[in-house]
Number of protein chains: 2
Amino acid sequence: MTAGNSKRAHSKTKPRKTARPEKYERGTRSYTMSHIRGKDTSIERMVRSFLFAKGLRFRKNDKRYPGHPDVVLPKYHTLVFVNGCFWHMHEGCPKSARIPKSNVEFWTAKLLRNRERDMRQHAELEADGWNVIVVWECELGKKTRDERLERLYHEIVDERNVRRDGIHAGRSQIETDSNRLVSDGGRRDTERGRNGSMGNTENSARPQMSHRAQIANPFRAMVFGALADEMIANGTDVVKLSLGEPDFGAPPAVHDAMREQYDGRPLPYTAAMGLPELRQAISDFYRDRHHVDVDPKRIAITAGGSTALLLSAALTVNDGDEVLIADPSYPCNRELVRAFGGKVVDVPTSAANRFHLTPELCKEYWSDRTKAVMITSPSNPTGTTIAFDTLKAVCDLARERGAWRIVDETYLDLADREPDGSEVKSVLACDPDAIVCSSFSKFFGMTGWRLGWMVVPEYALEAMDDLATNFFLCAHTPTQHAALACFTPETLAVCEERRQELLERRRIVVDGLSEIGLPLEVEPNGAFYAYFNIFSTGLDAWTFCERALKEAHVALTPGRDFGEATADTHVRLSYAASREALREGLKRIGDFVAKLRG
Amino acid sequence: MTAGNSKRAHSKTKPRKTARPEKYERGTRSYTMSHIRGKDTSIERMVRSFLFAKGLRFRKNDKRYPGHPDVVLPKYHTLVFVNGCFWHMHEGCPKSARIPKSNVEFWTAKLLRNRERDMRQHAELEADGWNVIVVWECELGKKTRDERLERLYHEIVDERNVRRDGIHAGRSQIETDSNRLVSDGGRRDTERGRNGSMGNTENSARPQMSHRAQIANPFRAMVFGALADEMIANGTDVVKLSLGEPDFGAPPAVHDAMREQYDGRPLPYTAAMGLPELRQAISDFYRDRHHVDVDPKRIAITAGGSTALLLSAALTVNDGDEVLIADPSYPCNRELVRAFGGKVVDVPTSAANRFHLTPELCKEYWSDRTKAVMITSPSNPTGTTIAFDTLKAVCDLARERGAWRIVDETYLDLADREPDGSEVKSVLACDPDAIVCSSFSKFFGMTGWRLGWMVVPEYALEAMDDLATNFFLCAHTPTQHAALACFTPETLAVCEERRQELLERRRIVVDGLSEIGLPLEVEPNGAFYAYFNIFSTGLDAWTFCERALKEAHVALTPGRDFGEATADTHVRLSYAASREALREGLKRIGDFVAKLRG
């Protein structure tokens with residue numbers, strides 16, 4: 001069976017120990033890997049033959065169910081997964097403990113993801129009323145095989161009367177629609193998923209996806225958001241505190257300016273680096289608001305903050321280069337570094353350092369291959385700024401060591417003061433050659449408008465221009481024109497009002513969490529996030545979020561999205577939602593936690 | 001001196017022969033390379049010392065001039081470049097012939113670009129009234145040094161009376177504004193450009209840009225377009241036939257739909273794969289117009305066709321993978337493959353195969369590392385479609401060999417019939433698992449709106465979703481909504497009218513070029529490009545375009561943008577311009593060519 005929705009290669013045996021270090025190489029490694037099967041493996045066939053001989057009839061590898069169960073027995077409302085211990089991280093089994101010696105980061109992440117996916121999918125299937133049985137590879141060794149298969153048979157037939165009702169009625173429909181029951185002797189289609197080969201009727205080889213495509217992680221905040229949306233669509237009243245989208249929308253003047261663009265004019269491409277007037281306006285904004293001089297030619301307009309971060313990674317990262325990032329931090333930054341072959345070095349941080357890098361931490365995690373430090377301040381998910389002194393010290397260290405400083409200031413203009421009362425400053429005030437990424441999405445409330453910018457050191461401008469041309473041609477032309485309306489005193493006043501509103505909401509959240517008995521370890525002073533520790537509830541963060549959504553109808557984001565250090569202990573709440581929604585959401589979280597604590 | 005506007009590392013000596021194969025590696029190679037200087041090299045210092053001793057005073061490495069001349073003598077209206085023979089490809093000099101044995105493609109491209117840039121910059125400087133002198137490294141060997149330096153002195157002082165007037169008055173201003181003359185003894189600032197280290201006052205190391213940033217090429221069509229814009233801004237009446245932008249703009253209904261979006265609603269992110277309704281509409285469009293069934297879930301909405309191509313490369317290409325591309329073809333495709341570590345295998349094509357890949361050519365250029373074939377049909381720059389039989393044969397071959405088929409159908413809906421009268425079909429009609437990239441920019445005239453789409457094989461959808469999330473979050477939200485208006489019968493009728501108009505224009509261009517004596521080798525049946533051979537004029541294509549712009553005030557695009565095979569012989573004319581503009585442009589080209597032929 002495969003461990004996901006057509007996802008990744010799986011076999012029932014571990015990759016050879018003689019694996020090459022560091023990289024997939026097409027010549028040998030990937031060829032070998034491409035022949036590892038995800039379906040119709042020996043243990044799968046063994047289980048099927050046994051069940052068939054016992055007179056059971058079933059479908060195999062049914063793609064209509066999460067995880068493509070190896071054996072589907074509609075009559076018994078039972079699904080059987082036959083899992084390799086290595087690929088599915090069989091807990092307590094020695095085979096599962098053997099993470100390959102090379103490419104450790106890749107394998108660890110991959111296998112953890114497999115396990116996580118398994119858990120999620122099994123839970124989903126059970127919620128739909130299925131009896132889910134897992135047969136492990138190690139149980140099918142010669143000594144235990146017979147006993148296990150006999151037991152499996154009884155688990156199937158004896159379970160017949162305990163069918164639970166599916167929560168999602170839609171899924172049961174799949175069942176009744178179909179009566180295509182096949183035995184193990186049916187057609188072999190070796191659907192493999194991401195890592196895979198094969199699968200179409202002509203039996204020809206499927207091309208391999210790139211390594212980066214295989215290791216790309218989803219942004220789970222969006223996954224939980226999508227789940228919440230689905231529930232809302234089905235009529236459930238969910239309070240969504242999971243996504244980083246201000247509820248204000250763009251200021252009215254920007255809407256007006258945008259409408260004016262659509263009078264029939266052609267709206268051609270702009271220069272790849274963007275509209276000169278807009279670059280000038282941003283330069284003026286830096287001067288007036290942040291008291292730093294930035295030559296407009298150093299400002300590149302991008303298709304959202306994401307694109308700015310993408311270009312930063314493209315501009316700096318070579319294969320094997322290491323990039324230091326605070327753990328926890330914004331997940332896409334990590335993914336972009338990995339997409340260009342870089343290695344993300346997650347530096348565990350804590351409330352003690354306001355969840356930011358420090359020079360000491362950087363020194364500790366520095367290596368010969370360190371190519372950049374990446375800082376998001378104010379931080380997503382913690383909402384905390386890095387103290388200016390610390391920022392300067394980290395940048396000085398990195399510069400002295402010849403590394404890039406990539407600073408994501410997407411939330412900068414939403415920041416409150418530093419804890420010591422001083423103003424929050426741009427990194428450009430201490431490090432004019434840092435690469436800065438920013439966005440119109442947060443302070444200006446223009447999330448779906450996909451507009452951002454970068455500040456690039458002068459000597460990198462030409463390369464930047466070439467990369468931007470090749471990657472995007474240019475950012476959205478009319479939006480660039482309309483964005484000029486962001487920098488009028490009137491619009492800035494609107495944005496300032498909204499910032500003040502966010503500070504009020506912060507108060508509600510900080511107080512509310514405290515009352516619930518989940519006080520913040522460090523108070524946010526920027527963005528619109530509160531990152532709170534749920535360890536005391538006895539749940540891990542993923543389960544907390546899953547249950548909070550299903551039981552209390554509040555959408556939150558688990559710490560796992562933001563790294564490893566706080567993956568199981570912390571949860572992000574976004575207070576880019578109305579005061580009413582926040583009060584209601586906090587009430588529900590409070591009730592939920594109270595229930596947990598009995 | 002550096003050979004460009006703060007561009008790339010330069011030294012006066014060639015890289016060591018012991019260069020590692022294949023790749024820059026940070027540990028050794030890039031460290032060594034980072035210490036190669038672009039300024040204040042020994043030969044530069046030798047020249048400066050000599051001139052200083054002769055009593056001349058000058059500025060050095062002045063960044064205000066193209067190429068940052070090593071010695072600037074305003075008094076004598078003279079600039080001196082002291083050039084390493086290897087880095088600047090000194091013609092006829094043995095040192096310049098020694099292209100490194102490893103990374104041949106990289107070095108060849110890099111050095112050719114250096115030379116091209118030198119030529120361009122020197123021409124620009126001379127046009128501005130400067131006397132430009134190049135001193136070559138090989139002329140400064142012990143035997144010839146004294147003679148060369150003496151001669152240089154006379155070249156400088158004797159040239160004093162022959163100052164030409166600058167074409168661009170603006171540049172002369174730089175001159176009069178400044179009297180900061182320094183000798184060689186001044187502060188050393190080792191500005192290095194792309195590949196470089198150093199440069200700020202604190203003398204700390206500049207981080208290295210990534211390999212991909214260093215090798216990224218500009219899209220020259222846009223460079224020529226920008227030059228044309230500059231001339232237009234200065235009052236010159238230029239006919240722009242250089243850019244691939246329809247002059248129609250988007251259909252009125254799409255403008256209307258867009259305006260409606262801006263009524264103050266929040267416009268949040270959509271799902272990374274795009275708005276479900278729009279994906280459905282595109283699926284319907286495939287069914288109705290192209291008679292192919294595409295599951296809407298296989299359609300991903302992207303931020304323009306560029307992003308679709310970027311994601312295609314990201315999804316498929318690993319380090320060292322080879323991708324077969326017709327030469328000539330759209331330059332960004334090449335660059336995107338290179339950006340992800342892939343090697344572009346340019347397959348030379350000709351009018352005989354309508355400038356497209358054939359199965360025979362693919363077999364000839366196939367290797368163990370071939371990972372994908374990339375086809376643009378109708379082609380940019382040739383406007384020709386690949387015959388459906390040929391397309392099918394190429395796709396079959398690639399599929400059988402386990403390679404991806406990436407087909408850019410950006411211009412598909414502008415296509416006329418095939419030469420044999422049959423309808424032009426989507427690749428999906430013969431290869432449902434091909435990756436298709438498309439765009440709203442051409443048929444729907446929405447260039448600056450940055451919206452495109454992809455069709456992805458089902459088993460790659462999950463990876464695609466993750467990559468799209470990390471790279472972009474989503475495409476422009478309101479544009480996605482407005483694009484729904486593209487698929488109404490009314491809008492499609494408007495687009496069809498425009499297509500007919502393009503066919504009329506094609507007639508003007510085909511006939512016009514024929515009359516000029518530059519008949520097309522193969523007639524375009526799609527897009528809005530004519531790719532014509534100017535070999536008979538006695539000029540290379542770059543010079544042809546440069547002189548056509550300066551002398552005849554017509555902006556065209558040189559073949560070099562599209563590969564090597566036709567780099568010097570062919571020129572692209574875009575007929576996405578009004579009939580009047582086309583007639584006037586053709587008249588100017590005709591006069592220009594007549595003048596050339598005397």
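This note covers the interface between chain A and chain B in a predicted model.

1. Basis. Local features need pLDDT of at least 70 and side-chain atom pairs count only at pLDDT 80 or more, while totals for chains, interfaces and linings use all residues. Residues are numbered from 1 along each chain as its sequence is written, chains are lettered from A in the order in which they are written, and side-chain values use heavy atoms, without hydrogens and water.

2. Extent. Chain A puts 91 residues into the contact and chain B 93 residues (heavy atoms within 4.5 Å). Between them the two chains bury about 7700 Å², 54% of it on carbon and sulfur atoms; buried area is the accessible area (1.4 Å probe) lost by two parts on being put together, summed over both.

3. Symmetry. Chain A superposes on chain B by a rotation of 180 degrees with 0.1 Å of shift along its axis, RMSD 0.2 Å (least squares on C-alpha atoms of residues with pLDDT of at least 70 in both). That is the relation of a two-fold axis. The C-alpha of Arg259(A) is the nearest to the axis in chain A, at 2.5 Å. Of the contact residues of chain A, 100% recur in chain B.
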